[in-house]
Amino acid sequence: MDETGNIVTEEAEPNPNYIRGTKREIYKFLNDFLPGGQSFQIAQMSTKHPYLLLLYSGILITATTGTGILIFRQKDLN
């Protein structure tokens, strides 16, 4: 409203702090790939591609299990 009480509308301007382009795509991927982002999406029921999250979880489980197996094979546990 202005001084006389009239409603004034202004054109919307884009947020200069909004992340765009490649950086945004990287953040979206990390949000989908990492378990914390996945749990947040599932809790909010906001995921648009649950099967992709399942695939990412499988990849992460396989990679971390494989790394653990390789590390423990090198140690003498006796």
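Helices here are DSSP runs of H or I with at least four residues, numbered from the N terminus. Please keep that in mind for what follows.

This is a predicted model, so local features need pLDDT of at least 70 and side-chain atom pairs count only at pLDDT 80 or more, while totals for chains, interfaces and linings use all residues. Residues are numbered from 1 along each chain as its sequence is written, and side-chain values use heavy atoms, with hydrogens and water left out.

I start with helix α1. How many salt bridges does the structure hold? The structure holds one; the term means a side-chain nitrogen of Lys or Arg within 4 Å of a carboxyl oxygen of Asp or Glu. The partners are E25 and K28, and their closest N and O atoms are 3.9 Å apart. Because E25 and K28 sit three residues apart in helix α1, about one helical turn separates them. In general, side chains of opposite charge can pair when their charged atoms come close.

Are these two buried or exposed? E25 is partly exposed, with a relative accessible area of 46%, and K28 is partly exposed at 42%. Buried means under 20% relative accessible area, exposed over 50%, and partly exposed in between, with a 1.4 Å probe and protein chains only.

Y27 also lies in α1, which covers residues 21-33. Y27 is partly exposed at 44% relative accessibility. Together with I19, I26, F29, L30 and L34, Y27 forms a nonpolar surface patch of about 520 Å² accessible area. Such a patch takes residues with over 30% relative accessible area and no salt bridge, joining nonpolar side chains (Val, Leu, Ile, Met, Phe, Trp, Tyr) within 5 Å and like charges within 9 Å. The areas come from the Shrake-Rupley method with a 1.4 Å probe; for residues, only the protein chains shown count as cover.

Next, the packing. Helix α3, residues 50-73, packs on α1 at about 75°, with the axes 9 Å apart. Axes are lines fitted to C-alpha atoms, for helices over the stretch in contact, and angles run from 0 to 180 degrees between N-to-C directions. F29, D32 and F33 of α1 meet L53, Y56, I59 and L60 of α3, contact being heavy atoms within 4.5 Å.

Helix α2, residues 35-44, crosses α1 at roughly 80°, and the axes come within 5 Å. N31, D32 and F33 of α1 make this contact with P35, G37, Q38 and Q41 of α2.

Last, T4 lies in the segment before α1 and is exposed at 61%. T4 and L52 are 48 residues apart in sequence and 55 Å apart in space, C-alpha to C-alpha.

Notes. Helix = DSSP H or I, 4+ residues; strand = E, 2+ residues; numbered from the N terminus.
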